[in-house]
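Subject: Structure for your files

Hello,

Here is the structure you asked for. My notes on it follow below.

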Amino acid sequence: MRKKFLEKEGRFEISATVKPLGEDLLIVLEGGKSHIGAVAIGEPRPSLRDEGRISATSSVYTFLGHKEDMVAKEMAEEVAKGLR
């Protein structure tokens, strides 16, 4: 079941489409002109500082000339930590 979320402030609009893929999630974050600027994969893991907490590791591929890598990385890690 695919879900879409939309946020709008003034002339700016951003949407996230979430699609379950087995036990994984595919999240497409869009805003402005549609394109792929970066792709990130996040995976939960025990925290290196506190084994009782969950952290996440991620891998990011950023396409030449794009700057979405930090947004993709932070989102992948937060979703991985939050949903385990």
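Does Ser-15 count as buried or exposed? Ser-15 counts as buried because its relative accessibility is 9% (buried is under 20% relative accessible area, exposed over 50% and partly exposed in between, with a 1.4 Å probe and protein chains only).

Please note that this is a predicted model, in which local features need pLDDT of at least 70 and side-chain atom pairs count only at pLDDT 80 or more, while totals for chains, interfaces and linings use all residues. Residues are numbered from 1 along each chain as its sequence is written, and side-chain values use heavy atoms, with hydrogens and water left out.

The sheet

Ser-15 sits in strand 2 (residues 12-21); helices (H or I, at least four residues) and strands (E, at least two) are DSSP runs, numbered from the N terminus. Leaving aside neighbours within four places in sequence, Ser-15 is in contact (heavy atoms within 4.5 Å) with Lys-4, Phe-5, Leu-6, Val-28, Leu-29 and Glu-30. Of these residues, Leu-6 stands opposite Ser-15.

Seven bridges pair strand 1 with strand 2, and eight join strand 2 to strand 3 (residues 24-31). Pro-20 has Leu-25 as its bridge partner in strand 3. Strands 2 and 3 form a hairpin with two residues between them, and Gly-22 in the turn has a positive phi of about 65 degrees.

The helix

In helix 1 (residues 69-83), the buried residues are Ala-72, Ala-76, Glu-77 and Ala-80. Seen down the helix axis, they fall within an arc of 120 degrees, so they line one face of helix 1 (the arc is that of the directions from the helix axis to the C-beta atoms). Strand 4 (38-46) and strand 5 (54-62) are among what covers these buried residues. On the face turned away from the buried side, helix 1 carries the exposed residues Glu-74 and Gly-82.

Regards

Definitions and conventions
Two strands pair if DSSP finds at least two bridges between them.
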